[in-house]
Amino acid sequence: MLSERLLELRKERRLTQQEISKLLKMARTTYSGYENGTREPDNETLNKIADFLEVSVDYLLGRTDQKKQVLSEPSRALIDSLNLTDEEIMKNIRFEVDGIELEEDDVKRFIGLVRLERSMRKKRPLGHESE
């Protein structure tokens, strides 16, 4: 699924493999390997590619068809205001989506997503160095 999504997203942006690999600061052969499925990026590289393509890692991996996972401002504010461990958050707060309580793994992903978005807000997006 990753290779298909990378190809689709690159073509949507009308970029060649050479252009996208240069923007991602990697060898064309490395990126080509990701796109044709003969190589898999490590987590850091996968995050870098997702950030650049402005999609979620879950979308790249085929875990969702929703390109972006955006949390509501109240959800972000809630997590930002809490200075609790993941375990304390899960123990003290009941997480529910569409009337269904989230399982522990879902809650951990939710918390991780909030923290990732928070850290991304502090950094400049890849590809905007000249701004």
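## Exercises on a predicted model

The charged end of Arg 5 sits over the ring of Tyr 59, at 3.9 Å from the ring centre; a charge counts as sitting over a ring if NZ of Lys or CZ of Arg is within 6 Å of the ring centre and within 35 degrees of the ring normal. This is a predicted model, in which local features need pLDDT of at least 70 and side-chain atom pairs count only at pLDDT 80 or more, while totals for chains, interfaces and linings use all residues. Residues are numbered from 1 along each chain as its sequence is written, and side-chain values use heavy atoms, with hydrogens and water left out.

**Exercise 1.** Find how many helices and strands the protein has, and the order in which the elements run.

Solution. Helices (H or I, at least four residues) and strands (E, at least two) are DSSP runs, numbered from the N terminus. By this rule the protein has eight helices and two strands. Read from the N terminus, the elements run α-α-α-α-α-α-α-β-β-α.

**Exercise 2.** Determine which residues of helix H1 are buried, how they are placed around the axis, and what covers them.

Solution. Buried means under 20% relative accessible area, exposed over 50%, and partly exposed in between, with a 1.4 Å probe and protein chains only. In H1 (residues 2-12), the buried residues are Leu 2, Ser 3, Arg 5, Leu 6, Leu 9 and Arg 10. Because they cover an arc of only 165° around the axis, they lie on the same side of H1; the arc is that of the directions from the helix axis to the C-beta atoms. The face of H1 turned away from this buried side carries the exposed residues Glu 4 and Lys 11. Contact means heavy atoms within 4.5 Å, and what covers the buried residues of H1 includes H2, helix H3 (28-36), helix H4 (43-53) and helix H5 (57-60).

**Exercise 3.** Is Gln 17 buried or exposed, and which residues does Gln 17 touch?

Solution. Gln 17 belongs to helix H2, which spans residues 17-23. Its relative accessibility is 18%, so Gln 17 counts as buried. Leaving aside residues up to four places away in sequence, Gln 17 touches Arg 10, Arg 28, Tyr 31, Ser 32 and Glu 35. With Ser 32, the side chain of Gln 17 also makes a polar contact of 3.4 Å; such a contact is a pair of N or O atoms within 3.5 Å, where within protein one must be able to donate a hydrogen and the other to accept it, and residues adjacent in sequence count only if both atoms are side-chain atoms. Turning to H3, the buried residues there are Thr 30, Tyr 31, Ser 32, Gly 33, Tyr 34 and Glu 35, and they pack against H1, H2 and H4.

**Exercise 4.** Locate Lys 25 and Glu 54, and give the phi of each.

Solution. Lys 25 is found in the loop between H2 and H3, where its phi is positive, about 60°, although Lys 25 is not a glycine. At 60% relative accessibility, Lys 25 counts as exposed. Glu 54 is found in the loop between H4 and H5, and its phi is near 55°, again a positive value in a residue other than glycine.

**Exercise 5.** State which elements have the lowest and the highest mean pLDDT.

Solution. The predictor's confidence in each residue is its pLDDT, from 0 to 100. The protein averages 79, with 75% of the residues scoring at least 70.
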